[in-house]
Amino acid sequence: MTLLVTGCCGFIGSNFVYYYLDEHKDARIIGLDKLTYAGNLDNLSNLTNEQKSRFVFVKGDINNAELVEYLLDVYDIDVIVNFAAESHVDRSIYNPRAFVETNVLGVQTLLDVAKKKWYINGKWKHGKKFVQISTDEVYGTLGPTGKFTEKTPLSPRSPYSASKASADLLVIAHHETYGMPVNITRCSNNYGPYQFPEKLIPLIILNALEHKPLPIYGDGRQVRDWIHVFDHCRAIDFVIEKGKDGEVYNIGANNEWENIELVKKIIEILRQLTNDELISEKLITHVKDRPGHDRRYAIDSTKIRKELGWKPEISFEEGLEATIKWYLNNKQWVERVVGGEYKEWYEKHYVRERKLN
Ligand code: NAD
Ligand code: DAU
């Protein structure tokens, strides 16, 4: 099996490359990534020599149809797994257009090329598939009860989630209109190694280690449903292998946390691991809320569990501690990603906009 993995140098894409090459000893991966601020080739530096022999990296944009066409031809790609995206909700509030360019037009480009190469005389070539990595955010926000199922109507509320929902609709349209073999996965919040520190968990870990204030948007009572990235990657593998054409699969681990409680938990674990008494709840700082902040997400993943036989394997206790240890043990990686662009983002979003020092 040969996969085209787009966004292979981002957080989930890189974890997926490790997972998939490890799990499938005869698989090859062609990785395509534009290396935006969030893409880091360093994320793949721990591939073994054997894994490197089954991995090809290509720097490029999913909007480059000629390049994608070339890759599908030369490497005889079986499955496109599209992780490439602008992924941060806060950034989408400042600059929605970038999100439309990659998350909508980029997906349309991939669909166009897949159709051009795989749809011959009204028939799809055997064994080909397009897998779109989507998100639970396309469903919008929940009240205190209930969960998102695959039947929940799409109701995105941020430019990011609107762009992801648009892509989902395009993918479904290609299945309905042309019979394209597709799957869509919608996962809840991921955590784990190699996550860029603009996202809540790594941001809190890194700020706490430097005794910097820990920014909590609004009252901090918003709820997210967390899953370890490894379990997400395993679920995608199940979908590639067994997903029924045209189906959407929710992925989640039944692990809801209020942001404020999660931050307190991270502080507690970090304190135990470092014996640093300055890492304390005193660092928690409530700042201006995210506009349009979704209050609660919770995923019902019964369908993938029942129909494909997947279930998560990593408990939150064990996964969160391992993740914190990963950030403690990978200082070089951290130093490299917090330079340049990250500093500018932090200055603009936290210092100037939210008055955090
Ligand atoms: P990320 O921001 O860490 O990585 C995105 C990667 O895509 C980066 O390597 C970036 O360089 C690359 N990229 C961006 N634009 C590109 C383009 N035009 N062409 C080629 N490459 C491009 O994101 P992530 O957290 O790893 O998320 C990956 C996917 O999973 C996204 O589609 C996201 O919507 C989805 N998702 C994320 C989460 C989460 O909790 N992080 C949860 C559910 C779904
Ligand atoms: O649910 C899946 C989604 O999860 C993915 O589709 C997105 O790509 C991913 O970024 C993530 O979106 P969130 O907005 O939920 O993640 P983030 O880490 O940005 O924020 C998690 C929660 O923490 C959210 O309620 C906002 C809050 N938050 C976040 C940051 C960065 C804060 O209170 N302070 C912060 O500084």
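Reader: Hi! What is 3.1 Å from a polar backbone atom of Lys34?

Author: A nitrogen atom of ligand 1. A polar contact here is a pair of N or O atoms within 3.5 Å; within protein, one must be able to donate a hydrogen and the other to accept it, and residues adjacent in sequence count only if both atoms are side-chain atoms.

Reader: Before we go on, what kind of model is this?

Author: This is a predicted model, where local features need pLDDT of at least 70 and side-chain atom pairs count only at pLDDT 80 or more, while totals for chains, interfaces and linings use all residues. Residues are numbered from 1 along each chain as its sequence is written, chains are lettered from A and ligands numbered from 1 in the order in which they are written, and side-chain values use heavy atoms, leaving out hydrogens and water.

Reader: Thanks! Back to ligand 1: which part of Asp61 lies 2.9 Å from a nitrogen atom of it?

Author: A polar side-chain atom of Asp61. With Ile62, a backbone N or O atom lies 3.0 Å from a nitrogen atom of ligand 1.

Reader: And how much of ligand 1 does the protein bury?

Author: Of the 830 Å² that ligand 1 exposes when taken alone, the protein buries 96%. Accessible areas come from the Shrake-Rupley method with a 1.4 Å probe, and for residues only the protein chains shown count as cover.

Reader: Which residues come nearest to ligand 1?

Author: Ile12, Asp33, Ser87, Tyr160 and Lys164, out of 28 residues around ligand 1. A residue is near a molecule or strand if one of its heavy atoms lies within 4 Å of it.

Reader: Where does that shell come from, and which element gives the largest share?

Author: The largest share, three residues, comes from β7. At least two residues each come from α1, β7 (129–135), α6 (159–178) and β9 (189–191). Helices (H or I, at least four residues) and strands (E, at least two) are DSSP runs, numbered from the N terminus.

Reader: How does the shell around ligand 1 divide into nonpolar, polar and charged?

Author: There are twelve nonpolar, twelve polar and four charged residues. Ala, Val, Leu, Ile, Met, Phe, Trp, Tyr, Cys and Pro count as nonpolar, Asp, Glu, Lys and Arg as charged, and the others, Gly among them, as polar.

Reader: OK, on to ligand 2. Which residues come nearest there?

Author: Thr135, Asp136, Tyr160, Arg290 and Tyr350 come nearest, out of 23 residues around ligand 2.

Reader: What lies 2.8 Å from an oxygen atom of ligand 2 in Ser87?

Author: A backbone N or O atom of Ser87. Leu200 also places a backbone N or O atom 2.8 Å from an oxygen atom of ligand 2. In Asn189, an N or O atom of the side chain is 2.7 Å from an oxygen atom of ligand 2. On its own, ligand 2 has 680 Å² of accessible area, and the protein covers 94% of that. Two or more residues of its shell come from each of α7 (200–209) and β10 (214–217).

Reader: Which element gives the most to the shell around ligand 2?

Author: β10, with three residues. By class, this shell has ten nonpolar, seven polar and six charged residues.

Reader: New topic: is strand β1 buried or exposed?

Author: β1 (residues 2–6) is mostly covered, with five of its five residues buried. Buried means under 20% relative accessible area, exposed over 50%, and partly exposed in between (1.4 Å probe, protein chains only). Thr2, Leu4 and Thr6 point one way from β1, while Leu3 and Val5 point the other way.

Reader: What does β1 pair with in the parallel sense over five bridges?

Author: Strand β2 (residues 28–33), with Thr2 standing opposite Arg28. β1 also runs parallel to β4 (residues 79–82), joined by four bridges, and Leu4 stands opposite Ile80 there. Two strands pair if DSSP finds at least two bridges between them.

Reader: What do β1, helix α1 and β2 make?

Author: With α1 (residues 11–23), they make a right-handed β-α-β unit. Right-handed means that, with the strands pointing away from the viewer, the path from the first strand over the helix to the second runs clockwise.

Reader: Last one: why does Tyr194 count as buried?

Author: Because its relative accessibility is 8%. Tyr194 lies in the loop between β9 and α7 and has a positive phi of about 70° although it is not a glycine.
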